[in-house]
Amino acid sequence: MKTIITIGRQFGSGGKEVGIRVAKELGIPFYDKELLQETAKKSGLCEKIIENFDERPKSLLYSIAMDSYMFALPGSGVGDSLEQQVYLATFNTIRHMAEQGPCVMIGRCADYALAENPNLLSLFIYAPLDVRMERVAKRQGISPERARTLIAKTDKRRASYYEYYSSQRWGAVDNYHFCIDSSYLGLGGTVEMIRAMVEHRENPVPSPTEEDPAAVKA
C-alpha cells in the first residue's frame, strides 16, 4: 500500500473520528497531534509554542510577544517570524512523515504540503450545521447554541490558517480529490467509502473498453 490520506474537516463533522477509524482498518499510522510532537523533536522548538500556533491564523499581538524568541531553523530566513518558522517546521515534518509510508494526516494544510506527492488522496469532510451542532453539544456537554458558536469560531480559525498558508480556499471542492458529507452515509459508511476509494486506487479495475479495445467500436 502506498496511499497517503489527508483529511481537512469542518468542526463537528466527525472528520477526526473517520480518520482514526480509516487508519485502524487499513493498518496504517494516524497523525494529528502526533505531528506537533514530531515537529518539536525535529525542529528543536518547544512543543508548547508549536501548539499555540497550531492551525491558528496570524495573531499580531501573540506574534509580537513571541518573536523575541527567534529560533534559527534549517531553511528559514533570518527575518522569518516565529510563526513562519513553526509553519515551515510543520510543513517539513508533514513531508518527512509522508516519505515514511502510507498514513492518515489530519488538517494543517497537509493536502497542500503534499500536493505533488503521487500517492496523495486528499479529502475534505463536512456535514450540515444541525448535525454538527448536535454532535458537538453531546460530545462536550454544552447547549446547541454554545455548540454553534464554537463551530463558527473553530471553522473560521481553520479556514484562516489554511487560506493564509496555501492561498487556496478552505473546503473548496477543486482543492481536494473528494469532498464528503459524513451525514449522508454516517461515520461508519464514510469510513467504508474511503476504504473503497483506497482499494480502487491501489488496485484499479480496468473498464470494459480497457479490457476489450473492440468494445470502443461497438
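Which side chains meet in a salt bridge at 3.6 Å, N to O? In this predicted model, the side chains of Lys42 and Glu38 do so, a salt bridge being a side-chain nitrogen of Lys or Arg within 4 Å of a carboxyl oxygen of Asp or Glu. Local features were taken at pLDDT of at least 70 and side-chain atom pairs only at pLDDT 80 or more, whereas totals for chains, interfaces and linings use all residues of the predicted model. Residues are numbered from 1 along each chain as its sequence is written, and side-chain values use heavy atoms, with hydrogens and water left out.

Lys42 and Glu38 are four residues apart in helix 2 (residues 33–43) and are therefore separated by about one helical turn. Helices (H or I, at least four residues) and strands (E, at least two) are DSSP runs, numbered from the N terminus. Glu38 counts as buried at 16% relative accessibility, while Lys42 counts as partly exposed at 44%. Here buried means under 20% relative accessible area, exposed over 50%, and partly exposed in between (1.4 Å probe, protein chains only).

The structure holds ten salt bridges. One of them joins Glu25 to Arg195, with the closest N and O atoms 2.8 Å apart. This pair links distant parts of the chain, 170 residues apart, with Glu25 in helix 1 (residues 15–26) and Arg195 in helix 9 (residues 182–202). Glu25 is partly exposed at 36% relative accessibility, as is Arg195 at 23%. A further salt bridge is formed by Arg148 and Glu145 (3.6 Å, N to O). Both residues lie in helix 8 (residues 144–166), three residues apart, about one turn of the helix.

The largest nonpolar core has 22 residues, and Tyr31, Ile94, Met105, Leu114 and Trp170 have the most contacts inside it. A nonpolar core is a set of buried Ala, Val, Leu, Ile, Met, Phe, Trp, Tyr and Cys residues joined through side-chain atoms within 4.5 Å. Two or more residues come from each of helix 5 (82–99), strand 3 (103–106), helix 6 (110–113), strand 4 (120–126) and helix 8. Helix 5 gives the most, with five residues. Apart from this core lies another, of 19 residues, among them Leu26, Val104, Ile106 and Leu121. When residues up to four places away in sequence are not counted, the contacts of Trp170 (heavy atoms within 4.5 Å) include Arg9, Phe124, Asp155, Tyr162 and Tyr176.

Eight aromatic pairs were found in the whole structure. Rings of Phe, Tyr and Trp (its six-membered ring) pair if their centres lie within 6.5 Å, and planes under 30 degrees apart count as stacked, over 60 as edge-to-face and the rest as tilted. The rings of Tyr87 and Tyr165 are stacked, because their centres are 3.9 Å apart and their planes are at 10°. Tyr87 lies in helix 5 and Tyr165 in helix 8, so the pair ties together parts that are 78 residues apart in sequence. Tyr87 is buried, with a relative accessible area of 13%, and Tyr165 is buried at 13%. Ring pairs link Tyr87, Phe91, Tyr161, Tyr164 and Tyr165 into a cluster.

The search for disulfides (cysteine sulfur atoms within 2.5 Å) found zero in the whole structure. Cys103 is buried at 1% relative accessibility, whereas Cys179 is partly exposed at 26%.
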